[in-house]
Amino acid sequence: MTDFNIILRDPHRVRPTDVLIRTVTEAFEGLAEEAGRPLNVVAGSPMSGAPLDDQLAITFVGNRLRLGERFIGGSNIGLILGDEGGAAVYVGALLEMRVGGGPRGVLVPSRYRGGSPLDREPARLEIDYMSQTEPVFENGEPELARAAGNVAAHELGHMLARLGHELDLGNYMADGSAFLRRFPSPTRRDLRWFWSGRKSWDPAQRQRLVRVIRSGRIEGGLQAIPGG
Ligand SMILES: [Zn+2]
């Protein structure tokens, strides 16, 4: 049986690169084994003469995004992180992710200072500006590499077997809108947990992916997934 190759083009945009490669490998090694094909996840150069229709290559591009911005709930966490059904992961979009969602703050109520009833400290809003400006991920952190690897596995799920989106946040095919449904006002920790956490395939997805890997007939190709 021939090897099952996944080529990561320009993976060095994501550091630590070995964590990225390991994350993609973990997503597919069990499936490839079940399909009876040895898996190779290899680093390739951006346009190393590989044919453009090489559907098992996924490119890590520095662009923030290419397809237009998409804001959900007033925050930028709905940015497109990958080319849905295509073959690109937008590393720049992961690096630009912010908690966002408008100013967050706590209302500190008015209080008496003592003495005259009129002598009170006015109520004030303490705004947390850091949540607006602090990146969720920084390059060089294992969490960033795992998040990029999870996005790559998600896009490969679309490409290989036309897998649709899932609501289970631990599934590779959960997307940003499933996350926002559960966490309408996510913290930085929630975002890091969702994007960089350990993911899995459900039994039906496994079955479809194993079938595709075994047959070598890619179902999704480079076609866009409606509503992706
Ligand atoms: Zn998707």
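## Helix α1

A residue counts as buried here if 20 or more other C-beta atoms lie within 10 Å of its own. The model is predicted, and in its helix α1 the buried residues are L20, I21, T23, V24, A27, F28, L31 and A32. Among the elements that cover these buried residues of α1 are β1, β2, α4 and α7.

Helix α1 is made of 18 residues. From its first C-alpha to its last, α1 reaches 26 Å, close to the 26 Å expected at 1.5 Å a residue. The helix has a kink of about 40°, and the kink is centred on F28. F28 is also one of the buried residues of α1. Just after the helix comes G36, with a positive phi of about 75°.

## Strands around β1

Strand β1 pairs with β2, which covers residues 39–44. The two strands run in the parallel sense, and six bridges join them. Within this pairing, F4 stands opposite L39 in β2. To get from β1 to β2 the chain passes through α1, and this β-α-β crossover is right-handed.

Strand β1 is also joined to β3, by three bridges, and these strands run parallel as well. R9 has T59 as its bridge partner in β3.

## The largest nonpolar core

In soluble globular proteins, nonpolar side chains tend to be buried together. In this model the largest nonpolar core has 52 residues, and the members that touch the most other members are V24, V89, L94 and A148. Several elements supply at least two residues each: the strands β1 (4–9), β3 (57–61) and β4 (88–90), and the helices α1 (17–34), α2 (91–96), α4, α6 (188–196) and α7 (203–215). The largest share comes from α4, which gives 11 residues.

## The loop between β1 and α1

Most residues other than glycine have a negative phi, and most peptide bonds are trans. The loop between β1 and α1 holds D10, and P16 is found in that loop too. D10 is not a glycine, yet its phi is positive, at about 60°. D10 counts as buried because 20 other C-beta atoms lie within 10 Å. The peptide bond from R15 to P16 is cis, with omega near -5°.

## Loops on either side of α4

P135 is found in the loop between α3 (130–133) and α4 (142–161). There are 15 other C-beta atoms within 10 Å of P135, so this residue is partly exposed. Leaving aside residues up to four places away in sequence, P135 touches L95, M97 and R98. P135 and R98 are 37 residues apart along the chain, but their C-alpha atoms are separated by 5.0 Å.

R162 is found in the loop between α4 and α5 (176–182). Its phi is positive, about 50°, although R162 is not a glycine. R162 is classed as partly exposed because it has 16 other C-beta atoms within 10 Å.

Note on methods: Residues are numbered from 1 along each chain as its sequence is written. This is a predicted model: local features need pLDDT of at least 70, side-chain atom pairs count only at pLDDT 80 or more; totals for chains, interfaces and linings use all residues. Helices (H or I, at least four residues) and strands (E, at least two) are DSSP runs, numbered from the N terminus. A residue is buried if 20 or more other C-beta atoms lie within 10 Å of its own, exposed if 12 or fewer, and partly exposed in between; C-beta atoms are placed from the backbone. Two residues are in contact if their C-beta atoms, placed from the backbone, lie within 7 Å. A nonpolar core is a set of buried Ala, Val, Leu, Ile, Met, Phe, Trp, Tyr and Cys residues joined through C-beta atoms within 7 Å. Two strands pair if DSSP finds at least two bridges between them. A crossover is right-handed if, with the strands pointing away from the viewer, the path from the first strand over the helix to the second runs clockwise. The expected span of a helix is 1.5 Å times one less than its number of residues. The bend at a residue is the angle between axes fitted to the seven residues ending there and the seven starting there.
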